[in-house]
Amino acid sequence: MAWEDIVVSSKIVGHVSAGIYRSAGGALKELVSNAFDANATRVVVTTNWPSFDIVTCYDNGAGITLQEFRRVMKGGIGESSKRADTDVTLELGRPIIGVLGIGILGIAQVCHEFKVISHHPETSTAFQAIVRLMDYLREKVDDVDIARTDDKEFEIGQFEVEEIKYDPSQAGTYIIAADMRSAFVRKFRESPEVPLPSKFSSFLDIIHSKRSVKEFGDYWQMVLELATACPIPYITDQSPFQWDRVKTPPEFRKKFEGLAQSLRDYQFEVVVDGLSLRKPNSYPHPLVRRDGEPMRGQVFPIDKEVKVYGRPLKLLGYIYMQNGQAIEPIELRGLLIRIRNVAVGAYDPTFLKYPNIEGPRFNWLSGEIYVESGLEHALNIDRDSFNEMHPHFVALQQSVHSLLQEVFLEAGRGVEERSRVRQKNERDRRLGALRHLLSQELGGNYQLVETEETQLPLEVDTKYRRVLINTQSTLWPRARNKRELAQLVAIAFEISMLVPESERRERFYKLLSQLLNL
Amino acid sequence: MAHIDFTKDILKHYVRRYGWLPACQQQKHAIGKRSKRIPLRYFTFCAAEAIDVFMLEREGILQRDEQTGRLEGVFFCEENEEAFGRIADLIGSPEQGFLGDFAKIVLFEDDEDTREQELYSDEPHSESVRKKLRYKDVHRCLREAFPFDIINLDVCGVMFPLRTGVIAPLLKSLIRILEWQTQSAFPLNNRPCEQFVLFLTSHIDPDRTDESAIQQLVNRVSENVDTNAEFRSIFINRFGYSEVDRLATDNFPEFFCLALPKVMIHLALFRLGWDVTYGPVYVYSRDDAYHENRQYQIMHSVSVYRRIRDFGRRLDEPGAGQYARIVTQIANEGVVWVDDIVQQPEVRRELAQDLRRIVESRDRFRKP
């Protein structure tokens with residue numbers, strides 16, 4: 001075996017310099033995407049928690065040949081040939097989602113070197129390779145003036161390969177990183193030592209119990225990031241929603257269930273340290289509000305197909321608004337864009353830079369948009385962000401912002417409605433308590449009757465056991481809360497008038513105290 | 001070494017089922033109440049198939065956490081990176097894995113490159129120093145994981161390789177982990193380990209064993225033959241003569257299965273303060289993948305270690321009598337030749353069936 005240079009085109013160098021992934025989850029996402037494109041049905045990521053000193057990623061897909069691997073290493077990283085024909089679909093109706101070799105740059109950010117083993121069933125061949133990227137790659141490429149360099153290719157590391165015996169039981173690709181970078185291991189080891197549960201529903205219960213997954217550290221964040229990003233089914237299989245708890249147009253439900261079904265049809269499973277991942281969206285959550293009422297929500301669909309500068313842009317998605325209670329953890333608040341079912345970055349809490357200030361109402365929102373066609377060219381190579389000047393991005397932004405106006409209008413209506421209901425409930429409660437007090441003080445069941453026929457603003461009718469309140473009396477203050485207070489004082493006064501004079505004062509104060517504390 | 005498909009290997013499974021399992025059940029019973037609060041801690045070299053782990057889970061020795069479903073208390077060591085990932089995938093949620101050469105991990109000592117250095121620090125290190133520091137880091141992690149309730153040193157290779165002398169790395173590692181068992185306290189209750197089970201595996205191959213080591217083992221057994229009448233009588237009764245060097249030549253596997261436990265028992269009783277009960281020693285043959293028509297043997301021993309009270313603070317030496325008794329017992333019981341037993345069709349069938357069920361239950365758990 002001999003070491004060979006890994007070379008990339010100069011356009012890739014710039015992206016390496018910029019730091020191609022923001023997080024370990026982002027780096028692993030690209031390996032998972034490659035496995036999806038290789039028709040794998042299972043990808044297994046292990047981290048050796050809590051040491052985090054070895055990370056492996058195994059998939060049971062089609063593998064890669066030595067020739068193809070060598071071609072990628074020799075300038076093929078990031079080339080677009082893999083997705084040149086955007087309509088190409090793989091087995092099980094899967095679209096192509098990855099970019100050649102980009103995963104390699106990603107994994108190189110978390111380790112000094114790694115091993116690739118691939119058993120390729122189609123050719124019955126296998127190879128293993130050791131890939132070593134330059135230790136100070138970023139610093140080195142920063143020194144290169146890409147604009148001035150005439151070189152089309154740039155050396156970023158070395159690799160050595162050898163053919164090994166093909167074993168059909170090992171079909172697929174295996175990536176092993178055992179020489180981890182210090183920054184990765186230290187950050188992960190600093191995480192609280194909370195092991196992952198083996199059921200995703202338990203994982204979800206745990207993260208929903210916290211305001212932010214950050215409380216569990218980088219490891220849990222990485223798992224959530226992968227679960228959010230990968231083309232895997234929803235936790236409930238059907239969709240993110242409990243339809244009986246959310247208001248939505250029926251035609252959207254049908255469409256979205258079709259989309260969820262296509263995710264199931266991919267038959268793609270991603271396992272991290274024994275935890276089989278699902279999309280973490282499940283709404284409403286929690287099922288009971290803090291005030292004890294059942295939690296409900298509203299789904300605002302986005303279903304759009306337009307042509308922008310002659311190129312199609314097709315979107316299907318939603319913005320979910322939870323009724324007056326924040327979505328937790330905060331990592332699920334905002335808007336997530338998925339291109340070919342893979343998330344681009346994380347949830348964007350600004351909703352593509354929505355210009356209006358809506359305060360905490362943003363916390364009630366979580367949305368996903370599946371871009372079925374278009375927007376591909378607006379994607380930066382890190383596949384984590386967009387070129388915000390791209391016409392498709394601008395069109396998407398406009399659609400989202402226009403929908404948000406409707407959402408916030410509805411949110412305002414919801415606030416008013418909930419406020420009205422809350423006030424009514426409070427009034428009913430206080431009236432009930434007042435009746436109870438009156439019955440205790442006067443004996444028998446007294447009714448509070450609003451009338452216009454009494455001379456005084458308030459009278460106690462002991463014969464028919466009624467407290468008559470003349471609602472038209474001009475003596476009552478106009479402001480509701482002052483009026484209610486005045487009525488309570490009047491009730492205390494009138495009842496105290498029913499006892500002998502010597503007891504009146506004491507009774508009045510006692511009653512007043514009781515009434516004001518209702 | 002050629003890989004053996006342990007999902008079909010009934011020789012090894014005989015040892016698992018009739019050697020390891022009963023010993024684990026007894027250990028589980030012995031630690032009784034403690035195990036309800038603290039999961040049993042199992043350290044294994046389970047190989048890529050992890051059959052032992054799933055057998056122990058099926059038998060309720062290892063348990064899953066009621067709330068999370070995680071298999072608790074499983075620690076493993078594996079040198080091969082590829083196998084390491086596969087084990088982690090199979091178990092799904094091990095407590096911890098230790099990647100690297102077991103002896104190198106256990107016996108790590110700082111040198112000028114590694115002293116006061118950490119692998120995961122801001123300091124940049126060359127690739128060769130990183131490699132050393134990696135062992136330092138795994139050494140620390142392993143040391144912190146001690147003690148264990150069951151240690152299954154199902155390691156590959158001979159105990160005394162050529163040109164290593166009698167104190168070979170593997171034996172040194174064994175001594176070191178027994179020391180760690182002696183010194184460590186359980187993490188959750190901070191109590192020392194009072195009893196543990198040790199499964200020890202070694203290849204038996206005289207051509208690959210250091211000659212001076214063999215000679216020293218011969219000398220150790222000869223001492224017993226010369227000084228202990230009961231042992232001598234049993235030895236002659238069993239082998240037909242009293243010359244230990246002859247046994248080492250004529251029947252190396254039986255000689256080795258007598259000599260190695262002697263070394264271990266001596267160490268435990270007199271240096272570390274553990275009383276040892278030796279169970280059966282199992283032996284079977286394997287074809288040598290590199291030499292046609294050549295075989296070597298594999299030995300599996302099962303032993304229970306119980307802490308001796310007031311060890312090091314006594315005037316008498318209760319170990320002396322105990323030592324003679326255990327060694328005599330081993331000589332008396334001889335070894336269990338598994339190859340002969342599994343010739344019986346019903347035994348083969350039963351083992352194959354059991355193995356299949358374990359693999360099925362293992363794979364069933366991994367399905368989403």
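User: Which residue is the bridge partner of A:Ile117 in β5(A)?

Analyst: The bridge partner of A:Ile117 there is A:Gln128. Please note that this is a predicted model, in which local features need pLDDT of at least 70, side-chain atom pairs count only at pLDDT 80 or more, and totals for chains, interfaces and linings use all residues. Residues are numbered from 1 along each chain as its sequence is written, while chains are lettered from A and ligands numbered from 1 in the order in which they are written.

User: How many bridges join β4 to β5 in chain A?

Analyst: Strand β4 (residues 111-120) and strand β5 (residues 125-133) of chain A are joined by 8 bridges and run antiparallel. Strands here are DSSP runs of E with at least two residues, helices are runs of H or I with at least four, and both are numbered from the N terminus. Two strands pair if DSSP finds at least two bridges between them.

User: What is the strand order in the sheet with 9 strands?

Analyst: The order in this open sheet of chain A is β1-β6-β5-β4-β7-β3-β2-β9-β10, with mixed pairing. β1 (4-9) and β10 (275-276) are at the edges with a single partner strand each, so one side of each has no neighbour in the sheet.

User: And the open sheet of 6 strands, which strands stand at its edges?

Analyst: Its order in chain A is β8-β11-β12-β15-β13-β14, and the pairing is mixed. The edges are β8 (246-247) and β14 (342-348); each has a single partner strand, so one side of each is left without a neighbour. β8(A) pairs with β11 (residues 297-308) in the parallel sense over 2 bridges, and A:Val246 has A:Gly297 as its bridge partner in β11(A).

User: Switching to the chain contact: how many residues of chain A are in contact with chain B?

Analyst: 29 residues of chain A are in contact with 22 residues of chain B, contact being C-beta atoms, placed from the backbone, within 7 Å. β7(A) gives the most to the chain A side, with 4 residues. By class, that side has 12 nonpolar, 10 polar and 7 charged residues. Ala, Val, Leu, Ile, Met, Phe, Trp, Tyr, Cys and Pro count as nonpolar, Asp, Glu, Lys and Arg as charged, and the others, Gly among them, as polar.

User: In chain B, which residues of α6(B) meet α10(B)?

Analyst: B:Ile175, B:Leu178, B:Glu179 and B:Thr182 of α6(B) meet B:Leu267, B:Ala268 and B:Leu272 of α10(B). The residues of this contact divide into 5 nonpolar, 1 polar and 1 charged.

Note on methods: Contact = placed C-beta atoms within 7 Å.
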